[in-house]
Amino acid sequence: MKLTVWTYEGPPHVGAMRVATGMRGMHYVLHAPQGDTYADLLFTMIERRDHRPPVTYTTFQARDLGSDTADLFKTACQDAFDRFRPEAIIVGASCTAELIQDDPGGMAETMNLPVPVIPLELPSYQRKENYGADETFFQIVRALARPVARSARVTCNLIGPTALGFRHRDDIEELTGLLSDLGVSVNVVAPMTATPGDIARLGAAHFNVLMYPETGEAACRWMERELDLPYTRTVPIGVGATRDFIFEVCELTGMAPRIDESRLRLPWYSRSVDSTYLTGKRGFVFGDGTHVRAAARIARDEMGFEVVGMGCYNREMARDIRALAKDYGLTALITDDYLEVEAAIEALQPEMILGTQMERHIGKRLGIPCAVISAPVHVQDFPARYSPQMGFEGANVIFDTWVHPLVMGLEEHLLHMFRDDFEFNDAAGPSHHGGHAVRAEAPVAEVEGGPAPHRPEADSPRDTSGERKVGAEVIWLDAAERELKKIPFFVRGKARRNTETFAAERGVWEISVDTLYEAKAHYAR
């Protein structure tokens, strides 16, 4: 654990909150000080939920540490049951409360509440949010699920979606429709939308669909072993993965595969004329392991990008992503430090970033387009519209999401190229207002043989004797600066650095247009 401005994952109890908030009839009693009571902000502001998370805090303060904090917990637990009347309760401690070594599970057990009480042992200083969600759901399933008779028709459970998940709400709807087309009904979706009673009848399904390994794999493995429920290994994000998923489901059920691609547009759009601009774009992929694996395949095989870097922040998926990166001829970046990610992106200078909300900010600073593919995300990635990532409609959404930053980048590049044009310069006003546009002042012309722009003596890199000043920086002449702006913004920084390095190595301290093109020719060899 360390102090940081940004973090990819919260502590494990946040993962437990995601499970409890996604479910119905479940309540989470969290032994925590006042400062850890931020769940309402996470779920109501970022995810725009219309109801508060089902979490009760003991909210002990510093003065309470000299007395018995166990009584505070028992009182909070009893009050939560009396007020909310949940079907089941999970109890645990936040990372701060873990230090005082109370035993929430043991204390709750002595209260003899008339509903199942499930204790959580989440190592706050060794693991993080996704582990917390996975372990919490596993403990709930282990405590409540029992063998039951199979349903008459072929059904499955959708396992893994939680509150605060990236497009989980819409992925559930998309997969439900896709499975319905195959003749498979959904028995239970869990943890999101499930009640403790629904958990008890998970065993009625014929198989599980593991939507998100980060938050559901431990439960799927237990159900495969204890309830004889096999589960799918393919996550259907992208065209190829969705087709593979359909064949995997048909193998499990013995049904004939039926693939309806009438709504699928990604393959044609990625081959269309206006998309040839995208072919060969160098992309950097970073996020949680599941979405990185899917995004890398889409980028290379379905949209024609060149993947030049990849990695993930959740260490539980590190081995899988390292093996994947090796197949791409890369070395995976496994880190939860956004500064390391930023350094890798800056060194690689990709033309496109596929990442999280963190990488969106990094892209803004470095001037590189970014599309969000993975949590953590902010409020704009919980849209009101239907916007899945899974299935064939998800593939269409992904195409739009990835292409728009590049298309807008092209538009911005063109505006930069023509910024001195009478119609597009900043003072011209909106082009559709015609005669009402503000007339631009004529710039001072710089023609060959004309007077050189005035430069104060202090700006010169040389002293009066002609020797190089100590600490003086390279100067870009105005004409070279204008020429540099014609280079697409997403590679302009690299072009500037290469040119300055080229000039410095040759003792040139004023960069002209000729220097710029000589550097370009040098690095193109």
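How many bridges join strand β1 (residues 26-31) to strand β3 (residues 88-93), and in which sense do the two run? Six bridges join β1 to β3, and the strands run parallel.

**Before you start**

This is a predicted model, in which local features need pLDDT of at least 70 and side-chain atom pairs count only at pLDDT 80 or more, while totals for chains, interfaces and linings use all residues. Residues are numbered from 1 along each chain as its sequence is written, and side-chain values use heavy atoms, with hydrogens and water left out.

Show the whole chain as a cartoon. Its secondary structure comes to 18 helices and 14 strands. Both are DSSP runs numbered from the N terminus: helices are H or I with at least four residues, strands E with at least two. Of the 525 residues, 50% count as buried. Buried means under 20% relative accessible area, exposed over 50%, and partly exposed in between, with a 1.4 Å probe and protein chains only. Among contacts with a separation of 6 or more, 70% are between residues 24 or more positions apart. Contact means heavy atoms within 4.5 Å.

**Stop 1**

The four strands form an open sheet in the order β2-β1-β3-β4, with parallel pairing. Two strands pair if DSSP finds at least two bridges between them. Neighbouring strands here are turned by 25 degrees against each other on average, direction ignored.

Zoom in on V29. V29 stands opposite V91 in β3.

α5 lies across β1, β3 and β4, at about 135 degrees to β4. Axes are lines fitted to C-alpha atoms, for helices over the stretch in contact, and angles run from 0 to 180 degrees between N-to-C directions.

**Stop 2: the largest pocket**

The largest pocket has a volume of about 1,300 Å³. The search uses a 1 Å grid over the protein atoms alone: a pocket is an open set of points with protein on both sides within 12 Å along at least five of seven lines, a cavity is a set where a 1.4 Å probe fits but cannot get out, and lining residues have an atom within 4 Å of a point. Grid points are joined across faces, edges and corners, and a volume is the space filled by probe spheres set on the points.

Elements giving two or more residues to the lining are α1 (12-22), α2 (39-46), α5, α8 (213-226) and α14 (357-366). The lining divides into 19 nonpolar, 14 polar and 12 charged residues. Ala, Val, Leu, Ile, Met, Phe, Trp, Tyr, Cys and Pro count as nonpolar, Asp, Glu, Lys and Arg as charged, and the others, Gly among them, as polar.

**Stop 3: the second largest pocket**

Select P213, R233, R293, M317 and D320, which lie nearest the centre of the second largest pocket among its 29 lining residues. Its volume is about 640 Å³. α5, α8, α11 (289-302) and α12 (318-327) each give two or more residues. α11 gives the most, with seven.

**Stop 4**

The open sheet runs β10-β9-β8-β11-β12, with parallel pairing. α12 lies across β9 and β10, at about 165 degrees to β9. Next, pick I353, which stands opposite C370 in β12.

**Stop 5: the cavity**

The volume of the largest cavity is about 50 Å³. Select I237, H291, A294, A295, I298, I373, Q389, I398 and W402 to see its lining. α11 supplies the largest share, four residues. By class, the lining has seven nonpolar, two polar and no charged residues.

**Last stop: D170**

Is D170 buried or exposed? D170 is buried, with a relative accessible area of 4%. D170 lies in helix α6 (residues 168-181). Show its contacts: R385, Y386, S387 and P388, not counting residues up to four places away in sequence.
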